[in-house]
Amino acid sequence: MKENNIKVSIITVCFNSEKTIRRTIESVLYQTYPNIEYIIVDGKSTDGTVDIVKEYLPAFQKRLRYVSERDKGIYDAMNKGIRLSAGDVIGIINSDDFYEPDAVENIVKYADRGSCQVLYGYCNWFYRNCLIETLRNSHLCLDRKMIPHPSCFVTRKTYSRFGLFVTFFQIASDYELMLRFWKSGQVMFTQIPAVLANFEEGGISTKPEMSRKLEVETAFIWYRYKQISLKQLCLYLYKYMLCG
């Protein structure tokens, strides 16, 4: 199978992202791999986000589609994008993150659209345009630590067989999804030894007021997959209530 026969869908969810989304869009536009469709799911922004998206429609030559409507949160918007997509492989890049130019090209070298796969690479972590760390978390440690989600690509067959994001969680549903795939024993994880994406600190999960909520959601996920006991879960909840 020729690599360029694999269609890749890239999804960006956004809300009032006029300050950052241009860089995200251009990182998709200038990918070295050609067979890409781009779907932007906007949550009814009230700033100039949608106007910026419209600017890029001609450059993408009908490969860019967008919707702008209210949603029920970030994971609902991601699910909406997945359902709108038609690619064999699907990547999700948020509106304050951006890809390396050869990210998709690196992915399709390892992709098999007929298989259940998660393909991911390294991710640079920035704060105020300064590189803090290059994240190299492996799926072999998924029972304790998330792999870099901006660098993740998932085959459509995986979503079809094992489901989409659980919208019950507000912050940690990406972790639950990857852990669900891993625990199934039927999804092949492939780590690509290259930086694929860049993560700018400032998203919902990095805000101080949300850190405790992330800890609690993660504890629920660990309990769901039998990695902690009910007693340990209760201790997390008790700590959350004390600190709340």
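This is a predicted model: local features need pLDDT of at least 70, side-chain atom pairs count only at pLDDT 80 or more; totals for chains, interfaces and linings use all residues.
A contact is defined here as a pair of heavy atoms within 4.5 Å. Residues are numbered from 1 along each chain as its sequence is written, and side-chain values use heavy atoms, with hydrogens and water left out.

By the contact criterion, and not counting residues up to four places away in sequence, isoleucine 40 touches Thr12, Cys14, Ile25, Val53, Leu64, Arg65, Tyr66 and Val67. Isoleucine 40 lies in strand β2 (residues 36-42); helices (H or I, at least four residues) and strands (E, at least two) are DSSP runs, numbered from the N terminus. The relative accessible area of isoleucine 40 is 0%, and the residue is therefore buried, the classes being buried under 20% relative accessible area, exposed over 50% and partly exposed in between (1.4 Å probe, protein chains only). Asparagine 129, 89 residues from isoleucine 40 in sequence, is 24 Å away from it in space, C-alpha to C-alpha.

Strand β1 (residues 8-14) is mostly covered, with 7 of its 7 residues buried. In a regular strand the side chains alternate between the two faces of the sheet. Both faces of β1 are covered: Val8, Ile10, Thr12 and Cys14 are buried on one side, as are Ser9, Ile11 and Val13 on the other. Strand pairing requires that DSSP finds at least two bridges between the two strands. β1 pairs with β2 in the parallel sense over 7 bridges, and β1 also runs parallel to strand β4 (residues 89-92), to which 4 bridges join it. Valine 8 stands opposite isoleucine 36 in β2 and opposite valine 89 in β4.

Together with helix α1 (residues 21-29), β1 and β2 make a right-handed β-α-β unit. Right-handed denotes a crossover in which, with the strands pointing away from the viewer, the path from the first strand over the helix to the second runs clockwise.

Glutamine 170 is found in the loop between α6 (156-162) and α7 (173-184). This residue is partly exposed, at a relative accessible area of 43%. The C-alpha atoms of glutamine 170 and tyrosine 75 are separated by 7.4 Å, although the two residues are 95 residues apart along the chain.

The structure holds 0 disulfides, a disulfide being a pair of cysteine sulfur atoms within 2.5 Å. For cysteine 141, the closest cysteine sulfur, in cysteine 152, is 14 Å away and therefore too far for a bond. Cysteine 141 is partly exposed, with a relative accessible area of 43%; cysteine 234 is partly exposed at 41%.
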